[in-house]
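User: I would like to learn how to read a fold from its coordinates. Please take me through one chain, feature by feature.
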Amino acid sequence: MPIDRRPLREQIKDEILDRLGKGEFAPEQAINEMVLAADLGVSRTPLREALIGLEREGIIVSERGKGFRFAPMSAKEFDDLTTIVAALESLALESTDPEFLHAVAPRLLEEARAFSVPEAEHAVIERYDDAWHDLLLSGCPNERLMDLITSLKLTMHRYERVVVGDWEVLERSAEEHERIAERLVASDVEGAVEALKANWQSGKDRILTRLTER
């Protein structure tokens, strides 16, 4: 098992984000620091440091005398989050060596075609989508940019899991990833970036429709 040399507060923060993405915390749920610290096996000092960091990112909020709670959800925040992630992923794609992208493009296209079903359970779509985008951006040299993308996407998954639910069957555009991969096969990075933005816009619209119906 590799030793994680990052500050403990950062490890705690990542664990909370991971649980948040899995739907283990409800919107506006109060955070019992003593219980959460015991559950994570840490003291309250690094936990509080992690919570303060999450508050700066807008994932949790605090009120004087009432402690921390998870932030409420809104269609506007999800819209904002998706817009930011789309821009950051586009930047990561533009920052990647074109030769690497051309080399990985056939595998991206193969995997996109292998998962070409027009609809699937949300949990299945989420796992596939995350893995495919991870492969797409695996050559990005900017580690801080990739960490930021990962963090924001975990927060987005919180919205998706609360609004949709893991096992609900959703429609999906089976061709969107194929278009991105096809542009990379043709060594057209600019075209791939535009196709990536279109993919994010389509996914955002599908979830926002659900949010506004709530």
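Analyst: Start with the element names. Helices and strands are DSSP runs, numbered from the N terminus. In this predicted model, the place of Ser 74 is the loop between strand S2 (67-70) and helix H4 (75-95).

User: How many helices and strands does the protein chain have, and what pattern do they follow?

Analyst: The protein chain has 9 helices and 4 strands. Along the sequence the pattern reads α-α-α-β-β-α-α-β-α-α-β-α-α.

User: What percentage of contacts in the protein chain join residues at least 24 apart?

Analyst: Take the contacts between residues at least 6 apart in sequence. Of these, 77% join residues at least 24 apart.

User: What does the radius of gyration say about the protein chain?

Analyst: Compare it with a globule of equal length. For 214 residues, a compact globule would have a radius of gyration near 17 Å; the protein chain has 18 Å, which agrees. Then look at the axes. The C-alpha trace spans about 60 × 40 × 30 Å along its principal axes.

User: How much of the protein chain is buried, and how much of its accessible surface belongs to carbon and sulfur atoms?

Analyst: Of the 214 residues, 44% count as buried. The accessible surface comes to about 11600 Å², and 51% of it belongs to carbon and sulfur atoms.

User: How far apart are the mean positions of the positive and negative charges?

Analyst: They are 6 Å apart, for 28 positive and 43 negative charges in the protein chain.

User: Now a helix. How should I read the spacing of residues along it?

Analyst: An α-helix has 3.6 residues a turn, so residues three or four places apart point the same way. Now take H8 (176-185). Its buried residues are Glu 176, His 177, Glu 178, Ile 180, Ala 181 and Leu 184.

User: What covers the buried residues of H8?

Analyst: The cover includes helix H5 (98-114), helix H6 (122-136) and H9. Asn 199 counts as buried, because its relative accessibility is 8%. Beyond its neighbours within four places in sequence, Asn 199 is in contact with His 133, Glu 176, His 177 and Ile 180. Glu 176, His 177 and Ile 180 are among the buried residues of H8.

User: How far is the C-alpha atom of Asn 199 from that of Ala 86?

Analyst: The separation is 8.8 Å, and the two residues are 113 apart along the chain. For another pair, go to Thr 150 in helix H7 (residues 143-163). The C-alpha atoms of Thr 150 and Ala 87 are 13 Å apart, with the residues 63 apart along the chain. Thr 150 has a relative accessible area of 46%, so it is partly exposed.

User: Which residues does UniProt list for "domain: HTH gntR-type"?

Analyst: Read this as a record to set beside the coordinates. The unreviewed UniProt entry lists residues 6-73. In the model, that span is 51% helix and 12% strand, and its end C-alpha atoms lie 30 Å apart.

Key: Residues numbered from 1 in each chain as written. Predicted model: local features only at pLDDT ≥ 70, side-chain atom pairs only at ≥ 80, totals over all residues. Heavy atoms only, no water. Helix = DSSP H or I, 4+ residues; strand = E, 2+ residues; numbered from the N terminus. Rg over C-alpha atoms; globule rule 2.2 N^0.38 Å. Buried < 20%, exposed > 50% of the residue type's maximum accessible area, 1.4 Å probe, protein only. Contact = heavy atoms within 4.5 Å. Areas by Shrake-Rupley, 256 points an atom, 1.4 Å probe, with all protein chains shown as cover. Lys, Arg positive; Asp, Glu negative; His and termini not counted. Charge placed at Lys NZ, Arg CZ, Asp CG, Glu CD. UniProt positions renumbered as here; feature names shortened; annotations may be inferred.
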